Every structure is written in C-alpha cells, then in structure tokens.
Amino acid sequence: MDDIDRAILRELQADGRIPYADLGPKVGLSPSAARQRLQRLIDHKVVQVVGVTDPMAMGGQTMALLGLRVDSDPRAVADELSRHDEVVYAVLTSGAFDLFAEVVCRRPHDLLDFVNDVVRTVEGVAAVESFPYFGIHTHCFLWDVD
C-alpha cells in the first residue's frame, strides 16, 4: 500500500458511498484511476466493502462491553454467547479477561436481565464485568491507515 491507497481508505472511512467522481480528485487521481486502485485493494483482499449497521438506530438503546473470566474453554463460552441476538461480537483476549462480548439491548433493565439470566448462566462463566456505553454515537470504526 502506498500513500494514495491510504488516502482512498481514509476517504472511504469518512463516506463509504463516495462516488468515484468525487473520490478521484480528493486523492489526486482521475475517477477511473481511483476505481482501479480500489478494485485492486478489493481483489488483493486488503479492503472489504460492507454495510455496517448501527445497533442504536435499529432499536437498541443500551450497549455494553462485557469482560468475562471463565474457568473452562473460553472458545465454548464465546460460541454460546454468539448464539444470542444481543451479542454483536465475542472475542478471545489475553490479560485480566478471557473474552469480551459487546452486547446491545433495548433498555438498561434488559441489559441487566441479559447479564444475570443469560451470561451468568453459561457454563464456564466465572465472573462478568459490564462496561456500558453512554452517548448518542457509540460506534465509530476507524482504522489508522497512515
């Protein structure tokens, strides 16, 4: 990847639907050259163009990151949690927690119910800490492409 590729990625992070007619000039290329550059990045699997939903816009009003300590195989716990619609993702970690799970619930008491009635009952879960998100815009996936 060179500086132009990184510039294309920065522009796509700001607006994933930017027309090539606008993208090209912003990164110092013609629209067709910008299209070719992006297609090359896609073909080499450097970039994946996907739609990302905003859980808050889809009815969820309460989000939290759950830090879990487990006393068995954390992969099995992550797999079990991932079966629930409230779980956006579950990821294995190293350090103080064995895995993290991001969850979205309609209301704060639904989060409490989910943690107590679902998460704590999963076999192998030894402890759960909840880190709720506050604010209107809680999701912003930007990667430093510099």
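Biologist: Which residues of H2 meet H3?
Modeller: Tyr20, Ala21, Leu23 and Gly24 of H2 meet Pro31, Ala34, Arg35 and Leu38 of H3. Contact here means heavy atoms within 4.5 Å, and helices are DSSP runs (H or I, at least four residues) numbered from the N terminus, while strands are E runs of at least two. Keep in mind that this is a predicted model, where local features need pLDDT of at least 70, side-chain atom pairs count only at pLDDT 80 or more, and totals for chains, interfaces and linings use all residues. Residues are numbered from 1 along each chain as its sequence is written, and side-chain values use heavy atoms, leaving out hydrogens and water.

Biologist: At what angle do H2 and H3 cross?
Modeller: Roughly 90 degrees, and the axes of H2 (residues 20-27) and H3 come within 7 Å. H2 is therefore roughly perpendicular to H3, a term for angles of 65 to 115 degrees. The axes are lines fitted to C-alpha atoms over the stretch in contact, with angles running from 0 to 180 degrees between N-to-C directions.

Biologist: And how do H1 and H3 cross?
Modeller: Their axes come within 10 Å and also cross at roughly 90 degrees, with H1 covering residues 3-14 and H3 residues 31-43. H1 brings Ile4, Asp5, Ile8, Leu9 and Leu12 to the contact, and H3 brings Ala34, Arg37, Leu38, Arg40 and Leu41. By class, that contact has seven nonpolar, no polar and three charged residues.

Biologist: Switching topic, which residues have the most contacts inside the largest nonpolar core?
Modeller: Leu66, Leu68, Val77 and Leu81, in a core of 19 residues. Such a core is a set of buried Ala, Val, Leu, Ile, Met, Phe, Trp, Tyr and Cys residues joined through side-chain atoms within 4.5 Å, where buried means under 20% relative accessible area with a 1.4 Å probe, protein chains only. Strand E1 (62-70) and helix H4 (74-82) are among the elements giving two or more residues to this core. A second, separate core of 13 residues includes Ala7, Leu12, Leu23 and Leu38.

Biologist: What does Leu81 touch?
Modeller: Beyond its neighbours within four places in sequence, Leu81 is in contact with Leu68, Val87, Leu99, Ala101, Val119 and Val122.

Biologist: How many helices and strands are there?
Modeller: Five helices and four strands, in the order α-α-α-β-α-β-β-α-β along the sequence.

How values were computed
Ala, Val, Leu, Ile, Met, Phe, Trp, Tyr, Cys and Pro count as nonpolar, Asp, Glu, Lys and Arg as charged, and the others, Gly among them, as polar. Angles under 35 degrees count as roughly parallel, over 145 as roughly antiparallel, 65 to 115 as roughly perpendicular and the rest as oblique. Buried means under 20% relative accessible area, exposed over 50%, partly exposed in between (1.4 Å probe, protein chains only).
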